[in-house]
Amino acid sequence: MRDCPRALFGVAQMWRSQRWPKVDGMTISSPRRVLIVGGGVAALETLLALRALAGDTVSVTMVAPNERFCLRTALCREPSAEEPSAEDPPASCDLRACAEQLGADFRRDTLHAVAGHQHRVRLASFATLDYDFLVLGLGARAHSAVPGALVFRDQRDAGHVWRILHELEREEIRRVVFAVPSGCAWPLPVFELALMTARHAERHAVPADTTVVSPSPEPLDLLGHEAAREVRHVLATHGVRFEGSSVPAAVRRDHALTLHFGGAIAADRVVTVPQLRGQRITGLHGAWWGFVPVDRLGRVEGMDDVYAAGDMIAFPIKHGGLAAQQADLIAQAIAHRAGARVPEPNPQVRVLHTQLRGAEHPIALRALLDDHGNPATGPGPERMPRGASQAGFQSAPEGLSPHLAGNALGRFTTPFLQKVVSYSAERCLVQ
Ligand SMILES: Cc1cc2nc3c(=O)[nH]c(=O)nc-3n(C[C@H](O)[C@H](O)[C@H](O)COP(=O)(O)OP(=O)(O)OC[C@H]3O[C@@H](n4cnc5c(N)ncnc54)[C@H](O)[C@@H]3O)c2cc1C
């Protein structure tokens, strides 16, 4: 029995009510074929949104190398003496079962090439698939940009961080440096881990020097000046030093972190997050750092009927909530073009909505972003008060599991995952 539930009931109901097989007075004899490639937030949100908006004007096939969708999180739990355990599993679901419940085909495979002119893709298995619309949500490739540092990818590396905390407790080490890599990265976990480490040392009354090193002059300034000021204040309150305008290079044999353009920061342990780059796919043009350029509707530049969303696109901020917003626009555009009764999408300003955890209280942060990923002028960027609820855009439902709270992921994905998690928890099916 797989964890695909009545959670889909709402979406499936909307899907059944979307039976409008006419475009411009002509009856469409067969639904348009949509191929979604990827098994992350962008792909799942596209699938759910398409089923809600396009109904049976489209037939959907999903291709992903993983059968399980798993939410990526930093460490959600406050530090305690215990190792992280299976009692706090990240929200996840079985993609094949979900696709099948939604009337979509699921195929476990990997994309190798796109032949845009023929509207065809080639997969790792050498199979080819034809499409009318192709939606790519391939994510980004993670690289280590600071040789010698511990790379914290997500909850998979929680055990390594806990080892460092235990070393601090035993006073075997004192100086822990958290480094934001140069280039493109999701830096929030660096700040969360630094705060968590500082609080852990405080709680155990052991000495610790915790430092965040970042190429940016201000902490988390990608969310705007207000947010940067708030984060700087929180770091200072918890005794975390911030070294801005410093580009981490590598870890020396004496454990110090060397910096590009000279200098080093003394350390006993250095933790970083991966630097992200685009993936090379034959037939797809990669631009800045290999990321794929798209327009405001998610259409891949220079290709017809090919869309891309999420971490793979040439947008400097990589975040699940943004991936879901892009996926919603794409699903609406495809639904409209396929003949469903939905208006053409009207791209709005992007909203990044997240939570900084690790401090005494989680801090809700929200920024409006322009097309280049800069905090938009005008009403935003906006800092939400400490402990603020997720009211507003893409609000998270009440009673979310700790892994979903603060992850205002997507209009469809967030409530869907919440239902799957509740359903699975009841039946102990989340792994
Ligand atoms: C530690 C950490 C914590 C984070 N916390 C948050 C958070 O709290 N909130 C938030 O919104 N974001 C968070 N993020 C960022 C978020 O995880 C990403 O922005 C989001 O996962 C991007 O979604 P995506 O679908 O574009 O890519 P991914 O989730 O990376 O999914 C890509 C999918 O494509 C598949 N794929 C790759 N190559 C191919 C191929 N050639 N063919 C077929 N399939 C392929 C992969 O297997 C995968 O299923 C966090 C990131 C990290 C590292």
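Predicted model: local features only at pLDDT ≥ 70, side-chain atom pairs only at ≥ 80, totals over all residues.
**Ground rules.** I count residues from 1 along each chain as its sequence is written. I take helices (H or I, at least four residues) and strands (E, at least two) as DSSP runs numbered from the N terminus.

**Helix α4.** I looked up α4 (residues 158-169) and found twelve residues reaching 17 Å from the first C-alpha to the last, close to the 16 Å expected at 1.5 Å a residue; the expected span is 1.5 Å times one less than the number of residues. Which residues of α4 are buried? They are V161, I164, L165 and L168, where buried means 20 or more other C-beta atoms, placed from the backbone, within 10 Å of the residue's own. Seen down the axis of α4, these buried residues fall within an arc of 100°, so they line one face of the helix; the arc is taken over the directions from the helix axis to the C-beta atoms. I then noted that they pack against β14 (175-179), α5 (188-203) and β20 (269-272), with contact set at C-beta atoms, placed from the backbone, within 7 Å. After α4 comes E171, with a positive phi near 60°.

**Strand β20.** In β20, R269 and V271 point one way and V270 and T272 the other, and all are buried. In a regular strand the side chains alternate between the two faces of the sheet. β20 runs parallel to β14, joined by four bridges, and parallel to β13 (residues 150-151), joined by two; I count strands as paired if DSSP finds at least two bridges between them. V271 has L150 as a bridge partner, and F178 stands opposite V271.

**Sheet β17-β18-β19.** I also followed an open sheet of three strands in that order, with antiparallel pairing. Its edge strands, β17 (248-251) and β19 (264-265), each pair on one side only. Three bridges join β17 to β18 (residues 257-259), and P248 has L259 as its bridge partner.

**Ligand shell.** How many residues surround the ligand? I find 34, the closest being G39, G40, G139, G310 and G320, where near means a C-beta atom, placed from the backbone, within 6 Å. α2 (41-53), β4 (58-64) and α7 (320-338) each supply at least two residues of this shell.

Note on methods:
Buried ≥ 20, exposed ≤ 12 C-beta atoms within 10 Å, placed from the backbone. Contact = placed C-beta atoms within 7 Å.
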